[in-house]
Amino acid sequence: MQHYDYVIAGAGAAGLSLAWQLLNSELRHQRILLIDPALKNKNDRTWCFWETELPQSLQAVPVTQWENLRFIGSGFDQTFKLDPFCYTMVRGIDFYQAKLAEMAQFENVRFMQAAVTKVIDTPHGVVVMDEDFEVRTDWFFDSRPPSLSAHHSPYRHLKQHFVGWVIQTEADVFDPALPTLFDFRTPQAGAMRFFYVIPFSKRQALVEYTLFSEELLTEQAYADAIRAYLQTELGLESYTVVESESGVIPMTDQPLPRQLGERWMAIGTRGGRVKPSSGYAFLRILRDSAAIVESLQRHGHPFDLPEPPARYALFDAIMLEVMRSHPDQMADIFTALFRKNPIQRIFHFLDEKNSLGQDLRLIASLPWGPFLGALWRVKTGK
Ligand SMILES: Cc1cc2nc3c(=O)[nH]c(=O)nc-3n(C[C@H](O)[C@H](O)[C@H](O)COP(=O)(O)OP(=O)(O)OC[C@H]3O[C@@H](n4cnc5c(N)ncnc54)[C@H](O)[C@@H]3O)c2cc1C
């Protein structure tokens, strides 16, 4: 049986960034195996995030950055200057290709196209297998999609689900310097719904219809909503859809354990790296990969990771509860949030890095009614 120092299941954001961190550390000579059924040669997603400094692992990856963001809410339309932040976009395919090309230069790294179906954990190592292969490893990092069930769960289980079209127009329509983070000009109809617009040029943009809710829509319903938005809000009658993407991101306060066995660690979405109340995960995953490698170097195990202040888990649970119980008020709640707070405070809050004082100022800016009810339900489980 082949033996590796590290086996990583999944060559997505978490698997590739962890492999990259290992190869850029003192552990670069260890034997690494990446296993994924997909060859990662398709552009299956567009990642965006805000940051004050581009992470090291993205230095060799093409990115697009913006200094401003637009918010359109209930009777409120504002452009925010993000300084010292930038809003940064990475296309999935650019990340996969850059990381796989960097890895191809190392003889101690192997990529296997396969699906992990069975894992046996022992105190001395982990056996990772499918019908066709069996490998042993000192440490197993697992980013296979988690199986989450809302059935009989005491936790909140929403989904961020979306369909995005990259559209090409014949006339100038978009401002390439100004993405729209939220545009609530779409019927809410029992769920939090908004549009997200990422401009690539004056004539091309990703227009994404996004919902935070428990139930998915039919394909037709996403398409109808996008067409209506393009016609009503952007005045577009004719355009070409050059690409499309869709996704479902779990938004839950159900804790997802990091340690799945003696030497088996969950990473990425499976390791709870998705921020429950926003669905943002990419930058959190990159930072997590760096922390895992730091822990391996210092302690010989990957589990010594920084913990955010405990209050953020409570804030996430309350926000999810408000989204679940008051979906039709979310446009007003987000409008209050963006109207009454500098965007930098909102970003620090979502990054779980605000001072307690700044968090309290942000909370005080929101309508209290839905939040007090949600706090009571989160605390009592009723
Ligand atoms: C379309 C889309 C857009 C998103 N946009 C953003 C964004 O703008 N900003 C943000 O912060 N977050 C975003 N997210 C959320 C999050 O950042 C991504 O989902 C991110 O890719 C999660 O990383 P991951 O490694 O956990 O999962 P993935 O990147 O999905 O990687 C998991 C990998 O596991 C592989 N796999 C599956 N089954 C097996 C198996 N049995 N054995 C081995 N491998 C297996 C898959 O093929 C895949 O390559 C987005 C998510 C989606 C779906």
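**Close-up views of a predicted model**

View 1. Trp368, Leu372 and Leu375 make a nonpolar surface patch of about 310 Å². Patch residues have over 30% relative accessible area and no salt bridge, and nonpolar side chains are joined within 5 Å. A salt bridge is a side-chain nitrogen of Lys or Arg within 4 Å of a carboxyl oxygen of Asp or Glu. Areas come from the Shrake-Rupley method with a 1.4 Å probe. Tryptophan 368 lies in helix H9 (residues 368–380). Its relative accessibility is 53%, so tryptophan 368 counts as exposed (exposed is over 50%, buried under 20%).

The model is predicted: local features need pLDDT of at least 70, and side-chain atom pairs count only at pLDDT 80 or more. Residues are numbered from 1 along each chain, and side-chain values use heavy atoms.

View 2. Five of the five residues of strand E2 (residues 32–36) are buried. Ile32, Leu34 and Asp36 cover one side; Leu33 and Ile35 lie on the other. Strands are DSSP runs of at least two residues, helices of at least four. Strand E1 (residues 2–9) runs parallel to E2, joined by four bridges. Here alanine 9 stands opposite isoleucine 35. Five bridges join E2 to strand E8 (residues 109–113), also in parallel. Aspartate 36 stands opposite glutamine 113 in E8.

**View 3. An open, mixed sheet.** Seven strands line up as E6-E5-E13-E14-E15-E12-E16. Pairing takes at least two DSSP bridges. Strands E6 (76–81) and E16 (240–252) stand at the edges with a single partner strand each, so one side of each lacks a neighbour in the sheet.

Notes. Patches are made of residues with over 30% relative accessible area and no salt bridge: like charges are joined within 9 Å, nonpolar side chains (Val, Leu, Ile, Met, Phe, Trp, Tyr) within 5 Å. Buried means under 20% relative accessible area, exposed over 50%, partly exposed in between (1.4 Å probe, protein chains only).
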